[in-house]
Amino acid sequence: MDRRRKNQMEDILDIKAWPSPGKYLGLPAEWGKSKNDALHWIKERVMAKVEDWKGMLLNQAGKEVLIKLIIQAIPSYAMSVISFPKTFCKKLNSLVANFWWRGSNGYGGVHWRTWSLITKKKKEGGLGFRDFHLMNIAYLGKQAWRLLKNPQSLWGRILKGIYFHGTDFLHAKKGARPSWAWTSLIIGRDFLKKEGRWQLASGDSVDLWEDNWLVSGINLKNLPHEEPQTVSNLILPGARTWNLDKRIQSLRQITDNFEIHLSYLYCVLWIIWKNRSHYVYTQNQPSPVTVIQQSNRLHGECLENLFGEGTNKENSHHGSNRRQSVAPWRPPPARFVKVNVDASWDPLSKSGALAVVIRDSIGVIQAGSSRIASSPSPLVAEALAARDGIVLAMNLGFQQILLESDCLNIVSACRKAADFGEISGIIQDILTYKERMVSCGFLWVHRTGNLLAHEVAKAAAAGSLPTAWPINIPPFLRPLLTSDADSAARENAARATTLLSS
């Protein structure tokens, strides 16, 4: 605006022009063309802290407190509004790193660890310092999440009217001439879309091809597909199960087995390289059949190391040959039943054999179940088994139960009502069923105290478990059941003796 027009505006409004707007809510009112220049005040404040004479007198513990509580909190508000240039974040990281490694004389010291290692958690070998760029992305993602959750807020309606009045924030475009703040929100939104995963309920608002909804993390965007559709088209209404027609089964096969096929490809390439090197030095030409056999053997060993029991099931159902358990099965108190659950996961088929055994306080089987269920990971299989156990107990009218599993993550999630990502929906179901019971507890036990459920799961996976096994106990399960019943008798006798003595 030229000077003449500015004078006219001053006369009309009867106010004086403000040559330097200064700051508003801690941020400059005018940014200018250079983002680094606009953010220079943050760098100055950080430098004032790290170059202060008091900082020279601090030991390493004092420096850690100063960095975490003071220095890294300086740009937090600005980071939640605007995206910092990566070069500017590197400068801030460098200032903090130099301050941390600086000697007591005030001069630079040797950086014994890289900044990427220092910013790791302490339990991972780092110091828990924050990387300024990652912190900026996290703040912007949090701000974008606020807008997604509260689209009718005042600031949300203003942004919608300016930038995405024809759609919603999740599908909004950056536009031709976006502001710095709007571009920053889009960065936070894109981070959520890339790294986040939809937790399915009805699936009405989840795009089958574009959104991240598979537990395995595989994106279907690059797969050939026709018209857009939502995940709700794959769910049977009211049944909470997948509608697995031939088309969906082929989709599952593509996505679920992707990691297995990729690992096999790595094994083949490794064996080819080894045989090629052997040929170069010995001139012995390898046989293609030998290469394939070696690749299959290596892939099997890799799967065994990665997934353990889920790969070999040939002799898994012979429970009587196992060594006597170190931690025996413990019976529940009187009027309670114990629900032991376990799962055996197969990485090749991405399915789990789920087992449930319900016994009373003297070790007699009251009910049981087993089935094969699609599960992308062992943790999901264990969670499904736990849900089967509490559902079976509730359907049979048991109101006082102890659900016992040898998977510590499942027990911890149920006790703390924690969000464990891929199993959070299953855990929520378990806690919902728990509220309908008089008493329901969750116990962790070592594998040796959960052998019966363990063997039932492995036998179900091997296909050697009869359908009516809870009524007509198979021979290979009888020694375990007898051993657990004897353990229950000793435990109950010890409890009775304790009561009499008291």
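A contact here means heavy atoms within 4.5 Å.

**View 1. The whole chain, as a predicted model.** Of the contacts with a separation of 6 or more, 63% link residues 24 or more positions apart. The chain has 19 helices and seven strands, taken as DSSP runs (helices H or I, at least four residues; strands E, at least two) and numbered from the N terminus. Buried residues make up 40% of the 502, where buried means under 20% relative accessible area, exposed over 50% and partly exposed in between (1.4 Å probe, protein chains only). Local features need pLDDT of at least 70 and side-chain atom pairs count only at pLDDT 80 or more, while totals for chains, interfaces and linings use all residues. Numbering starts from 1 along each chain as its sequence is written, and side-chain values use heavy atoms, leaving out hydrogens and water.

**View 2. The open sheet.** Five strands line up as β5-β4-β3-β6-β7, with mixed pairing; two strands pair if DSSP finds at least two bridges between them. At the edges sit β5 (365-374) and β7 (439-444), each pairing on one side only. From one strand to the next, the twist averages 20 degrees; axes are lines fitted to C-alpha atoms (for helices, over the stretch in contact), and angles run from 0 to 180 degrees between N-to-C directions.

**View 3. Strands β6 and β7, with a helix across them.** β6 (residues 400-405) and β7 run parallel, joined by six bridges. Look for Q400, which stands opposite S439 in β7. Helix α16 (residues 408-416) lies across β6 and β7, at about 145 degrees to β7.
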